[in-house]
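Work through the exercises below with the sequence and the coordinates open. Each task is followed by a solution in steps.

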Amino acid sequence: MSSTDNTSTLKSYVDSAAGAVQNAVGSIIGSNSDQVEGQAKKEKAQAEYDASHATAKLPGFTASSSGAVTKDHPDRNAGSYNQTAGAAKEFVGGVLGNENLKQSGREQNLQGQEQEAKGQINDYVSGAADRAAGTLGSGIAGLTGDRVKQAEYQNQHDTGKTQQRGAEHDIVKQAEAKQ
């Protein structure tokens, strides 16, 4: 993947700002072509931003527009299972009037929530670290002309970004469900 094909959030911000400035300058000096070109840059930047955030979150893994696929931390899946099993126990305990089963289910559900949250944090932090290391390594490898290492670091960046986006997706989804 060349650097011009890389979908980057930072690049989208820079391109959007450049487009806004060109559009404003064109407006001030009365240049329709600068206004149109600036607007086109802003629209391209929005498309870059959208592509940078494109992920498919499926049970147990995340895939991104870069082609990277990451597996969720085991605590995320186990925590989700414990929440479901705990909620079922709590429901059955409530229906049967069995307070011990109901309380056991409530505790398992809460433990599952904590377990899943730990897995999400682990994936988010690990993804951010891989993303940063991949970006730095790719830049250094690019300066030295080592194309093989540059591609390896780009892959590390893309994998980290995918892992981070997958955790973000689940965190946001859970926050929205609690509202």
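This is a predicted model: local features need pLDDT of at least 70, side-chain atom pairs count only at pLDDT 80 or more; totals for chains, interfaces and linings use all residues.

**Exercise 1: helix α3**

Task: compare the span of α3 with the expected one.

Solution. Step one: count the residues of α3, which gives 23. Step two: take the distance from the first C-alpha to the last, 33 Å.

Task: list the buried residues of α3 and say what covers them.

Solution. With under 20% relative accessible area as the cut-off, the buried residues of α3 are R76, G79, N82, Q83, A85, G86 and G93. Their cover includes β1, α4 and α5.

**Exercise 2: the second largest pocket**

Task: describe the second largest pocket by volume, lining and class.

Solution. Step one: the volume is about 380 Å³. Step two: 19 residues line this pocket, and E116, Q120, D170, K173 and Q174 are the closest to its centre. Step three: β1, α3, α4 and α5 each give two or more residues to the lining, with the largest share, five residues, coming from α5. Step four: sorted by class, the lining holds four nonpolar, eight polar and seven charged residues.

**Exercise 3: T70**

Task: decide whether T70 is buried or exposed.

Solution. T70 lies in strand β3, residues 69-71. Its relative accessible area is 7%, so T70 is buried. Beyond neighbours within four places in sequence, T70 is in contact with G60, F61, T62, T159, T162 and Q163.

Definitions and conventions: Residues are numbered from 1 along each chain as its sequence is written. Side-chain values use heavy atoms; hydrogens and water are left out. On a 1 Å grid over the protein atoms alone, a cavity is a set of points where a 1.4 Å probe fits but cannot get out, and a pocket is an open set with protein on both sides within 12 Å along at least five of seven lines; lining residues have an atom within 4 Å of a point. Grid points are joined across faces, edges and corners, and a volume is the space filled by probe spheres set on the points. Helices (H or I, at least four residues) and strands (E, at least two) are DSSP runs, numbered from the N terminus. Ala, Val, Leu, Ile, Met, Phe, Trp, Tyr, Cys and Pro count as nonpolar, Asp, Glu, Lys and Arg as charged, and the others, Gly among them, as polar. The expected span of a helix is 1.5 Å times one less than its number of residues. Buried means under 20% relative accessible area, exposed over 50%, partly exposed in between (1.4 Å probe, protein chains only). Contact means heavy atoms within 4.5 Å.
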